[in-house]
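Subject: The structure, with some notes

Hi,

Here is the structure I said I would pass on to you. Please open it alongside this message, and my notes follow below.

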Amino acid sequence: MHVQESEPVSAQFSPAHIRATWNGTGSVEEAARALGFSRAKGYELIRRGRFPCRVLRIGRSSRVVTASLLRVLESGDPEYNDART
């Protein structure tokens, strides 16, 4: 029986993999893992307006803009949603 190995977490959330597999937005959970923190921390940062990528609020849902996530991963500079900063 052949067991398929899954990709390492770091490869799964590399900019190249995200660019190839994600659509225009991604989940907060996936974006938080790509940035190296937990789902709970991701939602906390969104509530405080400090999530490092652009986040779209659609009703009660939140989606992370893939292009923004890629810019943050590649540059290391956050793109905060808080208009006051």
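Let me start with helix α3, whose buried residues are Val28, Ala31, Ala32 and Ala34. These four sit on the same side of α3, because they cover an arc of only 160° around its axis. Please keep in mind throughout that this is a predicted model.

What do the buried residues of α3 pack against? Their partners are two further helices, α2 (15-21) and α4, the strands β1 (25-27) and β3 (61-65), and also α5. Just past the end of α3 you will find glycine 36, which has a positive phi of about 95°.

The pairing of α3 with α4 is worth a look on your screen. In general, two packed helices are described by the angle between their axes and the distance between the axes. Here the axes of α3 (residues 28-35) and α4 (residues 39-47) come within 8 Å and cross at roughly 105°. Angles of 65 to 115 degrees count as roughly perpendicular, so α3 is roughly perpendicular to α4. On the α3 side, Val28, Glu29 and Ala32 make the contact, while α4 brings Arg39, Gly42, Tyr43 and Ile46. By type, the residues of this contact comprise four nonpolar, one polar and two charged.

Cys53 deserves a note of its own. You will find cysteine 53 in the loop between α4 and β2 (55-58). Cysteine 53 counts as buried because its relative accessible area is 0%, and the cut-off for buried is under 20%.

That brings me to serine 68, in helix α5 (residues 66-75). Is serine 68 buried or exposed? With a relative accessibility of 0%, serine 68 counts as buried. Setting aside its neighbours within four places in sequence, serine 68 is in contact with Cys53, Arg54 and Glu79. Cysteine 53 and serine 68 are 15 residues apart in sequence, and their C-alpha atoms are 5.4 Å apart in space.

Best wishes

How values were computed. Residues numbered from 1 in each chain as written. Predicted model: local features only at pLDDT ≥ 70, side-chain atom pairs only at ≥ 80, totals over all residues. Heavy atoms only, no water. Helix = DSSP H or I, 4+ residues; strand = E, 2+ residues; numbered from the N terminus. Buried < 20%, exposed > 50% of the residue type's maximum accessible area, 1.4 Å probe, protein only. Contact = heavy atoms within 4.5 Å. Axes fitted to C-alpha atoms, helices over the stretch in contact; angles between N-to-C directions. Parallel < 35°, antiparallel > 145°, perpendicular 65-115°, else oblique. Nonpolar A, V, L, I, M, F, W, Y, C, P; charged D, E, K, R; others polar. Arc of directions from axis to C-beta.
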